[in-house]
Every structure is written in C-alpha cells, then in structure tokens.
Amino acid sequence: MNPFVDARNLEFGGHTEKGARERNEDTYLIDRELGLAVLADGVGGHQCGEVASAITCAVLQREIAAGANLGTAIQRANTEVIAAVHSGEGKPGMAATVVAVHMTAHGYELAWVGDSRIYLWDGKLSLLTRDHSLVATELDSGRISLEEARTHPRRNVILQAVGSQATGHLDVGRNFGQLAPNSCLLLCSDGITDPLDSAQLCQLLSHRTGADETCERMVNRALQCGGTDNATAVLIAYNGTAYEPPRRMPPEWVAPDRVAPDWVAPDWVVWVYDPDTASYTGLPDVTLRNGDQGSDALTTEILRVQPGSATSVRSPAIALAARMEGYGRGREWRYALLAALFGALAAGLAYLLR
C-alpha cells in the first residue's frame, strides 16, 4: 500500500469520451494502491496512437510498482513504444503525450511529456506543467499572449512525445508539491484545455462533488463548448485535514545544485489564475514580442523554474525556435541578394537598350 499520509481522504476519479473522432486514443489509469494516476493522449491517428497511449500507461504502472520514479518510468515507456513499432504491435508514427502523478508520504511527484496538462486547484488555478509545444515557446518568450496561444494555428504542434524520441533523448518535465486540505490535482488532455478556458475550469472545480462526477461534467462541458477531440480528465482530491510536512524533500527530489527547503507549495508553477479577479500572475511580458530578448527571456525563465534540469524543457524548445528564426533570417538574406541581382540585371539591360 502506498504510504501517503491520510490516504483515506484521497479521492481519485476519471472520465473520457472520444468526441467527434473515429476512435478514442486517450488512455487513463488510476491505481489507488500505488497512489498513481496517468493520462496518455495518443498521437498518430491511423498510426495507432491508442496503442502508444495504452503501452505508456501500462509501463508506468509496472515501473512505479517496481520502485522507479516517474521520470525513469516515462523513459522506459518511450523505449517500449519504439520497440512496439519495430515488433509490429504498433505502426510507425505512433506516439503519446503523458502526464502522471504519484502520491507518496512526502506529497506528490508529477511528470509529463507533450502538451497534456496538470493543474492544482486550491481556490486558484495553478498550471504545474509546461507544454512541450511550439506555441508554448512563443508564449514563454513573450512573442504571443495567452489568448493568442489559445487560437494559434499551430497550437497542436508538439516538440516531443513518448515514442517519438530516440532512446535517451526524451526530456521529461518534473514537479513536486503537497496537497492542502480541500485541494485537488487535475490531469487533462488537450481535448479539455482547448475548448475550456481557465474561468470555466475554475467554475467546474469549485462546484465539484465526487471526483468521477466532476470529471464527467468537465468532459461533457468540453464537448458542448465545441471540442471535437478525444477529451479526458482525471482528478485527485485531498479531502482531509492539514498535516505536518516532512522537514526536507527526499534526496532524489532535490537537484544537485540546491539545498532542499522545508516546503508545502509546488516546486514551481507556470502561472496562477485567480477566479475572483479574473487575472493571471506569472505570464511573460508580451512587450518583448518585437524585441530581441524573447529567446533570452525564455532561456532565463526555464532555467529559473527547472533548476538542475534545465535541458528538460529548454533543449527541444529553444533548438526548434532557433532553427525557425535562423531559417527566417537566411530567407530574408537570400531575398535581398536576389533583389540586388535582379536590380543589377535590369540596370544593365536598360543601359544596353539606350
């Protein structure tokens, strides 16, 4: 049995629907004995995304039961999804995003790859995962606003997924914290976060009843609000009383270059939404969008929120952004050169025809 303190008051629930899709490629798993919740969103469509998501959930359950942490378990899932393609169990191109929470005596460990999300609800809505997506890099750098990110034409472009990276090259995001009384963690696929904004999520979470019922209402609301993708929500609610936190984080949760403080709050948050004021804190300054500071701001922010593991989000995001910017600069230089050449040819021709 998982030794989460006051486990009697820890409630799990989940619900999923295929929406307007032919099949449901989302898979979720709840193992109350392990204190584990996993949500995987299959990528690939006819390339068997549902196989990748099912393998991901099964591998995480097996590895956590064997004593691994979530980061190691997701790396193993990446290897096994790739192996399934080679063995014929799946098809080339299949992959999955994943978010997972493991409750322990010290609180919660969470990990993710891709653009599925985990939120903390405690009267305010805190985003605890940073999307591995193209739009997230633009938002983090201040080039676009949150509202622009929600409707961006390339908002579904992800930078990595389980099964899409070579073994050893998957960068797993991780976070840690503790649940206060009457707070909860929400795991959801983009079928929830695309059609529902922060205010709608807060309204659903503030009027929750049972965890299963809340998840079902959330999925149905997402589909009613125009969602067409598979929609999945998983909830972990702590309904107990306050408990004394451990004096220090477990050694395996501490980056080598920092000292573990006494703690209760999440290790870091991307942003916080206050439903009472309808305002956000923690969002990047969009005034950087026309300057040259965007990439530097992105690098600094990610180094700040993920000390000791800066490559976990920074490497793929910044590398892709840099390639795109470099391509743009190179293309402008080539256009200028071609314009100059055509101008010289036109001048020469005009001179000969005089």
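The model is predicted, so local features need pLDDT of at least 70, side-chain atom pairs count only at pLDDT 80 or more, and totals for chains, interfaces and linings use all residues. Residues are numbered from 1 along each chain as its sequence is written, and side-chain values use heavy atoms, with hydrogens and water left out.

Start with the whole chain. The protein chain has nine helices and 12 strands. These are DSSP runs numbered from the N terminus: helices are H or I with at least four residues, strands are E with at least two. Of the 354 residues, 50% count as buried. Buried means under 20% relative accessible area, exposed over 50%, and partly exposed in between, with a 1.4 Å probe and protein chains only. Contact means heavy atoms within 4.5 Å. Among contacts with a separation of 6 or more, 71% join residues 24 or more positions apart.

Now take helices α1 (residues 49–65) and α2 (residues 70–87). Their axes are 8 Å apart and they pack at an angle of about 140°. Axes are lines fitted to C-alpha atoms, for helices over the stretch in contact, and angles run from 0 to 180 degrees between N-to-C directions. α1 and α2 are therefore oblique to each other. Angles under 35 degrees count as roughly parallel, over 145 as roughly antiparallel, 65 to 115 as roughly perpendicular, and the rest as oblique. The crossing of α1 and α2 is right-handed; that is, the near helix is turned clockwise from the far one by less than a right angle. The contact includes Ala 52, Ile 55 and Val 59 of α1, and Leu 70, Ala 73 and Ala 77 of α2. By class, the contact of α1 with α2 has 11 nonpolar, one polar and four charged residues. Here Ala, Val, Leu, Ile, Met, Phe, Trp, Tyr, Cys and Pro count as nonpolar, Asp, Glu, Lys and Arg as charged, and the others, Gly among them, as polar.

Next come α6 (residues 198–206) and α7 (residues 211–224). Their axes come within 10 Å and cross at roughly 150°. That makes α6 roughly antiparallel to α7. This crossing, too, is right-handed. Leu 201, Gln 203, Leu 204 and Leu 205 in α6 meet Thr 214, Arg 217, Met 218 and Arg 221 in α7. The class count for α6 with α7 is four nonpolar, two polar and two charged residues.

Turn to the cores. A nonpolar core is a set of buried Ala, Val, Leu, Ile, Met, Phe, Trp, Tyr and Cys residues joined through side-chain atoms within 4.5 Å. The largest has 50 residues, and Ile 192 and Ile 236 touch the most other members. Strand β10 (residues 231–238) gives the most to this core, with seven residues. Beyond residues up to four places away in sequence, Ile 192 touches Leu 201, Met 218, Val 219, Ala 222, Ala 231, Thr 232 and Ala 233. A second, separate core of 29 residues includes Ala 52, Ile 55, Leu 70 and Ala 100.

Gly 14 sits in strand β1 (residues 10–17). Gly 14 is buried, at 8% relative accessible area. Gly 14 and Thr 214 are 200 residues apart in sequence, yet 8.3 Å apart in space, C-alpha to C-alpha.

Finally, look at the backbone. Most residues other than glycine have a negative phi. Cys 48 has a positive phi of about 70°. Cys 48 lies in the loop between β3 (36–43) and α1.
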